[in-house]
Each structure stands twice: as structure tokens, then as C-alpha cells.
Amino acid sequence: AMLPRPPFPGEARRAAGAGRSRSRPRGAGSGTVLLPSMLMFGVILASSGLLLMIEKGILAEVKPPPLQPAGGERSRRGGGGGGQEAPGELEAEVLRDIRNRTIRAVCGQPAMPRNVWELPAGQRRTVLRHLLVSDKYRFLYCYVPKVACSNWKRILKVLDGALESVDVKLKMDHKSDLVFLGDMRPDEISYRLKNYYKFIFVRNPMERLLSAYRNKFGEIKEYQQKYGVEIVRRYRKNGGNSAGDDVTFSEFLRYLLDEEAERMNEHWMPIYNLCQPCAVRYDFIGSYERLNADANHVLERVRSPSFIRFPERQPWYKPVTAETLHYYLCNTQRRLIKELLPKYILDFSLFAYPLPNITNEFCRQ
């Protein structure tokens with residue numbers, strides 16, 4: 001039975017939590033230890049009315065709301081790429097309310113950090129090096145790899161005058177001509193966290209993981225050599241001769257299961273570890289599924305020049321479709337997926353994404 005839901009908050013507050021994730025290699029004979037406050041978190045989910053939604057996500061097919069064109073902001077700016085067209089504003093408002101209510105409940109717990117200075121040093125370094133600064137337009141953007149962050153970095157460079165247009169064809173340099181909050185003095189950091197507009201963009205966790213897997217192990221030799229060779233050697237019998245370009249999705253998930261979340265590569269580190277949304281009070285949480293409309297909302301909010309629009313999707317980009325995700329999940333051991341879910345549970349719950357559907361009925365379709 002569902003428990004009563006707490007009231008809706010009036011406006012967006014903070015995004016989700018900075019829970020720690022710990023795991024040990026299963027070869028050592030120990031189980032996975034995750035999120036000490038998981039029991040408390042389950043109670044919070046139940047009290048906020050989200051437990052049923054999460055159960056339905058894994059027990060039955062979740063049908064998304066009908067997609068409709070977005071309103072005025074998109075028509076003024078046009079462009080945009082990466083996610084789907086925005087759903088209707090009513091559905092979007094319901095989703096924002098769900099996220100706000102859950103974030104308010106989780107981040108209001110006594111054990112949760114209230115600011116970045118309450119975080120352990122390693123967690124604080126992670127979030128500060130993922131917060132990009134625009135002093136001219138007074139905003140902070142926490143970039144999440146595999147959630148259109150390259151296009152947002154392109155926009156920041158245009159706003160700062162380092163790039164002529166978002167359409168300039170060049171390989172993205174993810175370091176130069178960008179200002180990171182972590183490079184500033186503590187007083188400068190505190191001032192910007194208190195006074196600047198702050199936003200992040202989120203994505204379905206399993207879709208993000210699949211996007212990272214296909215991109216990094218299917219296309220990027222550096223990742224094949226740095227991670228792929230080790231993954232195959234660790235999880236495949238007689239895998240010592242692999243060049244790292246043949247990592248299977250199951251092997252990748254086993255690797256994630258054995259990694260500490262706080263030490264993961266940023267492309268598959270959970271969003272709550274990257275951006276610490278309880279310690280940083282984000283004013284807006286955009287989503288990959290509403291990328292065009294949400295990006296335009298942010299551009300309007302920070303009063304960027306009207307000629308700046310969100311870039312079109314690059315022609316080489318291979319999107320993760322619902323069918324692609326369905327195929328990979330249904331051809332992966334259920335036990336492996338279910339064991340991995342706790343490591344990303346805050347990303348699912350706080351940002352209102354249903355858990356993956358891996359029932360026999362759904363996978364037969």
C-alpha cells in the first residue's frame with residue numbers, strides 16, 4: 001500500500017544526494033556495501049509516493065507521455081539536438097513536481113550535506129571540477145558526460161567570446177577556454193554558489209551507461225587501451241590477448257559493479273556523485289528527454305544573446321534508441337542488472353526515472 005505523499009514544494013530546490021557508494025571486488029569474497037542510509041532512503045521513497053512508480057518501472061512496461069512540440073522558447077531560438085522533442089508542459093510540470101518532492105525529502109535528511117564544505121575532500125574536488133562558470137552571465141553549470149555536455153561547453157565558449165559560433169566545426173577541447181569553479185579561491189567559490197544561477201542536465205541512468213559503453217569501447221582507442229584491456233583480462237577466461245575493443249556490455253556492467261562509485265571515470269560515475277545536488281542548490285534540473293525546450297529555458301533565464309541556440313546533433317552521433325536499450329538489457333543477465341541498480345538508485349529515484357523493465361513479457365516483445 002502506498003503511504004501518504006508529502007505536499008508539493010512551491011519551486012525547485014535542490015537535486016539529489018551525495019550518498020557514498022562503496023563496493024569491493026567479488027573475488028575477495030565480500031558482498032557489495034552501498035549507501036549506508038539505504039533503508040532510510042527506502043522509507044523516504046515510500047513516503048513520497050515514488051516506491052510504486054519505481055516498482056512499476058521494473059515490473060511492467062512504462063509508457064512515456066505523448067510527445068508534443070514545445071512552446072514559445074523553442075520557436076524563438078530553434079535548433080537543438082541530442083534528445084527527443086519536448087513532451088507537453090503538463091507532463092513536464094508533473095515530472096518536475098515529482099523530482100522536487102523527492103529531492104526535498106532526501107536532501108532534508110540530517111545526514112545529507114548542506115553545502116560543498118561539508119563534503120569529504122574527494123567528493124568536493126569532484127563537484128568543483130565539474131562546475132563550469134560564466135561570470136559574464138552569472139551562472140554555474142554542472143556538466144555530466146553523456147548528457148549533451150559537449151554542446152553546453154560549446155555554448156559557454158561562445159558566450160565568453162572564445163568561439164565564434166556553436167556551429168563551428170572543430171573537435172571539442174574539454175579544458176581550454178573554460179572556467180572551472182574548482183580553480184577559484186574558497187571565498188570566490190562560496191560567492192558564486194550563493195549568488196549565481198545553477199543548473200544541471202540529467203538522463204536515464206541505464207541509457208547513459210549504454211551510451212558511454214558504445215562510445216568509449218566502440219570508438220575511442222584510448223578508452224579501449226586504458227579500460228577495455230583490463231576489463232577483458234579481469235572478467236574473461238583467457239582474455240589476456242584482447243586489444244580492449246571487444247568488451248561486452250555484461251563485462252562492462254560487472255566492472256561497474258566492482259568499482260567504487262566515487263572513483264569511477266566521469267563518463268559512468270553516477271550523477272549524484274558528479275554534481276552533489278544536495279550540497280549545491282541547483283535552480284533548474286533539465287533533462288536529456290526535454291533537451292531542446294529545457295536548454296532554451298536556461299538560455300532565456302541567463303539572458304544569453306538571442307542568436308545563441310542549442311547546437312544541432314552532430315551527424316556522426318549515434319543515439320541510443322528505446323529499441324537499442326531494450327536489446328542490450330534483455331540480452332544481459334537480470335541478476336547483473338539488479339545487482340548494479342543500487343549503485344545508481346539515487347539517479348533513478350531523485351530524477352524520477354523508472355527502473356529498467358527486464359521482465360520476460362517485456363523482453364519477448
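**Labels and their grounds**

Modeller: Let us begin with a pair of charged side chains. Arginine 234 forms a salt bridge with glutamate 230, with 3.4 Å between the closest N and O atoms. Bear in mind that this is a predicted model.

Colleague: What makes the contact of arginine 234 with glutamate 230 a salt bridge?

Modeller: The cut-off is 4 Å between a side-chain nitrogen of Lys or Arg and a carboxyl oxygen of Asp or Glu. Here the closest N and O atoms are 3.4 Å apart, so the pair qualifies. Side chains of opposite charge can pair when their charged atoms come close.

Colleague: Where do arginine 234 and glutamate 230 lie?

Modeller: Both are in helix H9, four residues apart, which is about one turn of the helix. An α-helix has 3.6 residues a turn, so residues three or four places apart point the same way.

Colleague: Which other arginine forms a salt bridge with glutamate 230?

Modeller: Arginine 233 does, with the closest N and O atoms 2.6 Å apart. Arginine 233 and glutamate 230 are three residues apart in H9, so about one helical turn separates them.

Colleague: How do you know that the span of H9 agrees with its number of residues?

Modeller: H9 runs over residues 221–235, and at 1.5 Å a residue its 15 residues should span 21 Å. The end C-alpha atoms are 20 Å apart, which agrees.

Colleague: Where does H9 bend?

Modeller: At tyrosine 227, by about 40°. Tyr227 is also one of the buried residues of H9, which include Tyr223, Gly228 and Ile231. The buried residues of H9 pack against H8 and helix H10 (249–258).

Colleague: On to H8. Why is alanine 212 called buried?

Modeller: Alanine 212 is found in H8, residues 205–219. Its relative accessible area is 0%. Buried means under 20%, so the label holds.

Colleague: What is alanine 212 in contact with, leaving aside its neighbours within four places in sequence?

Modeller: Lys146, Phe217, His267 and Trp268. The C-alpha atoms of alanine 212 and proline 145 are separated by 8.5 Å, though these two are 67 residues apart along the chain.

Colleague: Which members of the largest nonpolar core touch the most other members?

Modeller: Leu131, Trp152, Phe252, Leu256 and Trp268, out of 95 residues in that core. Beyond its neighbours within four places in sequence, tryptophan 152 is in contact with residues including Tyr141, Phe199, Val298 and Phe310.

Colleague: What makes arginine 335 and glutamate 339 a salt bridge?

Modeller: Their closest N and O atoms are 3.2 Å apart. The limit is 4 Å, so they count. Both lie in helix H14 (residues 334–340), four residues apart. Arginine 335 is partly exposed at 43%, and glutamate 339 is partly exposed at 31%.

Colleague: How many salt bridges does a search of the whole structure find?

Modeller: It finds 16. Glu89, Glu93, Arg96, Arg290 and Asp294 are linked in a network of salt bridges.

Colleague: And what share of the 365 residues is buried?

Modeller: Buried residues make up 53%. The protein has 16 helices and four strands.

How values were computed. Residues are numbered from 1 along each chain as its sequence is written. This is a predicted model: local features need pLDDT of at least 70, side-chain atom pairs count only at pLDDT 80 or more; totals for chains, interfaces and linings use all residues. Side-chain values use heavy atoms; hydrogens and water are left out. A nonpolar core is a set of buried Ala, Val, Leu, Ile, Met, Phe, Trp, Tyr and Cys residues joined through side-chain atoms within 4.5 Å. Buried means under 20% relative accessible area, exposed over 50%, partly exposed in between (1.4 Å probe, protein chains only). Contact means heavy atoms within 4.5 Å. Helices (H or I, at least four residues) and strands (E, at least two) are DSSP runs, numbered from the N terminus. The expected span of a helix is 1.5 Å times one less than its number of residues. The bend at a residue is the angle between axes fitted to the seven residues ending there and the seven starting there.
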